[in-house]
Amino acid sequence: MKPSPDPQRLVEIMAALRDPETGCPWDKEQTFASIAPYTLEEAYEVVDAIDKDDMANLQEELGDLLLQVVYHSQMAAEAGHFEFSDVVDGITRKMIRRHPHVFGDEKARTAGMAKGTWERIKAQETAEKAALRAEMGQTAEVSPLRLLDDVPKALPALTRAEKIQDKVAKIGFDWDDPALVLDKLEEEIAEAREAIAGGSTSEIAGEIGDLLFTLVNLARHVDVDPEDALRGCNTKFSRRFAHIEQSLAEQGISLADAPLEAMEALWIEAKKAEI
């Protein structure tokens, strides 16, 4: 087996790894469910490479993510559901269908995305998915989707909260002023104080969840991505704490022995220096 830029070689490698007789013992025993956490992890590593502007690492991580697509496709092929080529065909069809103003005839390109076009496209896709389920022998009746059913539960909590809020906002269930969200935030803070005073862990968790959900709503109203905002805060905190650690080390003081007052002073120093 030799390397190749042809995606089909990756399909062949995965098929060999999953071969019942000569394949890799670990790869053979995997399932959709057991591989799913790795799929999520690889997606995060792609984002991390982008954040670091590390193109060499991005190339590698995109390969790892592509491997996950091929892995799931191979397991589906073994079960007789679909193959990698079906995945590629499906996404190319979707992209062409969703961009008639780019890939359509001259009239469609001139018209752009006319009102109602998106709704018609989504309806067509829903009908095609139902036909595909029937073709795959998925006889169990699929419950009609409620408004929030298609917001993936595996999304990071902040991202999922934002998507949920976007969904309900489109049907008018939303505030029309960030100031009202701030009022709600103050209300949630008061309820969190009350829960903490009461000492019930479950109630405290519930109120903190409400606080986070409201903060996501505030971010959405001022056009800030909450996941990006928190990621940036994590980076900033890590950078400033590294300053504390380095400064203490230069003084011959370990983190374990450093008094809180000294660490706080160094934190303020880092903050003023915009570290």
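Analyst: **Aromatic pairs and pockets**

Trp26 counts as partly exposed because its relative accessibility is 38%. Partly exposed is the band between buried (under 20% relative accessible area) and exposed (over 50%), with a 1.4 Å probe and protein chains only. Tyr38, at 37%, is also partly exposed.

This is a predicted model: local features need pLDDT of at least 70, side-chain atom pairs count only at pLDDT 80 or more, and totals for chains, interfaces and linings use all residues. Residues are numbered from 1 along each chain as its sequence is written, and side-chain values use heavy atoms, without hydrogens or water.

Two terms come next. Helices are DSSP runs (H or I, at least four residues), numbered from the N terminus. Rings of Phe, Tyr and Trp (its six-membered ring) pair if their centres lie within 6.5 Å; planes under 30 degrees apart are stacked, over 60 edge-to-face, the rest tilted.

The structure has three aromatic pairs. Trp26 and Tyr38 make an edge-to-face pair, because their planes meet at 85°, with centres 5.9 Å apart. This pair links distant parts of the chain: Trp26 sits in helix H2 (residues 25-28) and Tyr38 in helix H3 (residues 32-51), 12 residues apart. Phe237 and Phe241 are stacked, at 6.2 Å centre to centre and 10° between the planes. Both lie in helix H12 (residues 226-250), four residues apart, so about one helical turn separates them. Phe237 is partly exposed at 46%. Phe241 is partly exposed too, at 29%.

Now the pockets. A pocket is an open set of points on a 1 Å grid over the protein atoms alone, where a 1.4 Å probe fits, with protein on both sides within 12 Å along at least five of seven lines; lining residues have an atom within 4 Å of a point. Volume is the space filled by probe spheres set on the points, which are joined across faces, edges and corners.

The largest pocket holds about 2,200 Å³. Its lining has 41 residues, with Lys94, Arg98, Lys122, Glu125 and Lys129 nearest the centre. Helices H5 (84-97), H8 (117-135) and H9 (157-169) each give two or more residues to this lining. H8 gives the most, 13 residues.

The second largest pocket has a volume of about 250 Å³. Of its 14 lining residues, Gln165, Phe173, Trp175, Phe213 and Asn217 are closest to the centre. H11 supplies the largest share of this lining, five residues.
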